[in-house]
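Let's take a walk through a protein model together, strand by strand and then across its surface. Have the structure open beside you as you read.

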Amino acid sequence: MVPGSGHGTNSSRILIRIALTLLLAGAFTALLSTSDYSFGAIWAYRSLLLKGLLLTLAATAAAYVLGFGLGIGVALLRLSRSIVPRHLGDLYVEIFRGTPFLVQLSLFYFGIAPMLGIDSKFLIGTVSLGLFAASYSGEIIRAGIESIERGQVEAARSLGLSRRQTMRYVVLPQALKRMIPPLTGELIALTKESSLLFFIGVVELFAVANQAGADTYLYLEAYIVAGFCYLLINIPLSLLSRGLEKRLSTSKTPGDHL
Amino acid sequence: MKPLLSLTGITKRYGDLTALDRVDLSVSPGEVVVLIGPSGSGKSTLLRCANALEVPDQGEVVLDGEVADPFGRNIDRVRARMGMVFQHFHLFPHKTVLENLLLAPKLVHGEDRTATAIRLLERVGVCEKRDVYPDTLSGGQKQRVAIARALIMDPVAMLFDEPTSALDPEMVGEVLAVMRSLAAEGMTMVVASHVMGFAREVAHRVLFLEEGRIVEAGTPEQMFDHPQSTRLKEFLSVVL
């Protein structure tokens, strides 16, 4: 390879991306300026919007952590050698991945939460989102673990490592590396999904925007602002994910294949 | 002499296929046994049954007086005393060469064997690579590291499963050289190999397997110069 050629294509790619972004932004501004959009009135809602944004971040982060923890459990169930836990894991994934989150949220809010005596809408929404997230995280974790080739386990066991040590010191470190990109994708999806908490009355970003729209009759402006706020969270995450993916793919992980 | 490693009546089936059919093998201390035979004859399966990577349907493995029960509590300890070298190396890609060696002694014995590790890496000639990750090594270097990784557990016997079959031809020699020196030091070894020259030169005993049975066994001279069975004669006429 010509020295620096990789660098050249890289920076030209970034230039193209910036140009495209500017073009889109220009087109968007032009579209907005042709009609009577008025963002001034929405500006008055900035502190409420910021609060909503923070609540969105908090709910997403909490649900993600909960989903990851439960996801490990789901993955372990699905990887179990016994048939009963394996089927329980399958069942969990099928149910939580196969029904809309809005349905799960409604059932949790109207059915299960009153039974358990939980009042906090934030708590109900976050736990429900976490349960939903666990089905996806669990599958990512399971697939990550299963992607590690059998030979790694055999080499570790042949040296006298126990099953647990093999998992902890040989399989998981390699699997985690492969899980990072899909787990980042999962975080992005969850950020967007959290807007549904609006439905049970959690005052997150979308709820604030909706309220601002209702107050001012400037619905479109309010939703556009909300959309931008979600992009503000997700574009950096997406770039991070892409960066990680690139770095992980260039350092060829398994050294065992010829 | 009392055998160091003995396999008795090992039978392994995969569905309708019988990979091993009541195979007996006992290996004396310091003995080098080379398994030859066509692919699918059961050489690898026999080695994998020896350290319970495969669970035989019938039969018993005893290492140095200790029964290697695949489901027993002692299986990790038995495996730790039996080194295994794989066709595809299976080095740990997330660990440096040195860390590849240090992991098992640390976890199994709680010992830091850095000094031993460096001596072993010097011995197999890859010491200058000790701080790199395996993906930068050549196939021959990887396999030499894999041998060192097995040796650091201080095994009483070593199993080699086609150790040179995945290597480029020019790298076969360097790996065989390490194995030759191990044999010369009196290491007990069971080797599945396609390299007949190595078998002739290093083996004390050669076993010819076909369809999961030991068809013929003997010294290298008997096996290569005066084969008895037609099957072995046919096999040798193809590979030699």
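Which residue in β10(B) is the bridge partner of B:L207? The partner in β10(B) is B:A217. Before going further, please keep in mind that this is a predicted model, in which local features need pLDDT of at least 70, side-chain atom pairs count only at pLDDT 80 or more, and totals for chains, interfaces and linings use all residues. Residues are numbered from 1 along each chain as its sequence is written, chains are lettered from A and ligands numbered from 1 in the order in which they are written, and side-chain values use heavy atoms, with hydrogens and water left out.

Helices (H or I, at least four residues) and strands (E, at least two) are DSSP runs, numbered from the N terminus. Two strands pair if DSSP finds at least two bridges between them. Strand β9 of chain B covers residues 205–210, and five of its six residues are buried, so the rest of the structure largely encloses it. Buried here means under 20% relative accessible area, exposed means over 50%, and partly exposed lies in between (1.4 Å probe, protein chains only).

Strand β3 (residues 32–36) of chain B runs parallel to β9(B), while β10 (residues 213–218) runs antiparallel to β9(B). β9(B) and β10(B) make a hairpin with two residues between them, and B:E211 in the turn has a positive phi of about 50 degrees.

Why is β7(B) described as largely enclosed? Five of the five residues of this strand (residues 157–161) are buried, so the rest of the structure largely encloses β7(B). Both faces are covered, with B:A157, B:L159 and B:D161 buried on one side and B:M158 and B:F160 buried on the other.

| Strand pair (chain B) | Bridges | Direction |
|---|---|---|
| β3 and β9 | four bridges | parallel |
| β9 and β10 | five bridges | antiparallel |
| β6 and β7 | four bridges | parallel |
| β7 and β8 | five bridges | parallel |
| β1 and β2 | seven bridges | antiparallel |

**An open sheet**

Chain B also holds an open sheet of four strands in the order β2-β1-β4-β5, with antiparallel pairing. At its edges stand β2 (17–27) and β5 (66–67), each with a single partner strand, so one side of each has no neighbour in the sheet.

Patches are made of residues with over 30% relative accessible area and no salt bridge, joining like charges within 9 Å and nonpolar side chains (Val, Leu, Ile, Met, Phe, Trp, Tyr) within 5 Å. A salt bridge is a side-chain nitrogen of Lys or Arg within 4 Å of a carboxyl oxygen of Asp or Glu. Accessible areas come from the Shrake-Rupley method with a 1.4 Å probe, and for residues only the protein chains shown count as cover.

A:R13, A:R17, A:R242 and A:K246 form a positive surface patch. The elements giving two or more residues to this patch are α1 (5–34) and α10 (219–250) of chain A. A:R17, in helix α1, is partly exposed at a relative accessible area of 42%.

A nonpolar surface patch of about 450 Å² is made by A:F28, A:F228, A:L231, A:I235 and A:L239. Its largest share, four residues, comes from α10(A). A:I235 lies in that helix and is partly exposed, with a relative accessible area of 45%.

Key:
Lys and Arg count as positive and Asp and Glu as negative; His and the chain ends are not counted. The place of a charge is taken as NZ of Lys, CZ of Arg, CG of Asp or CD of Glu.
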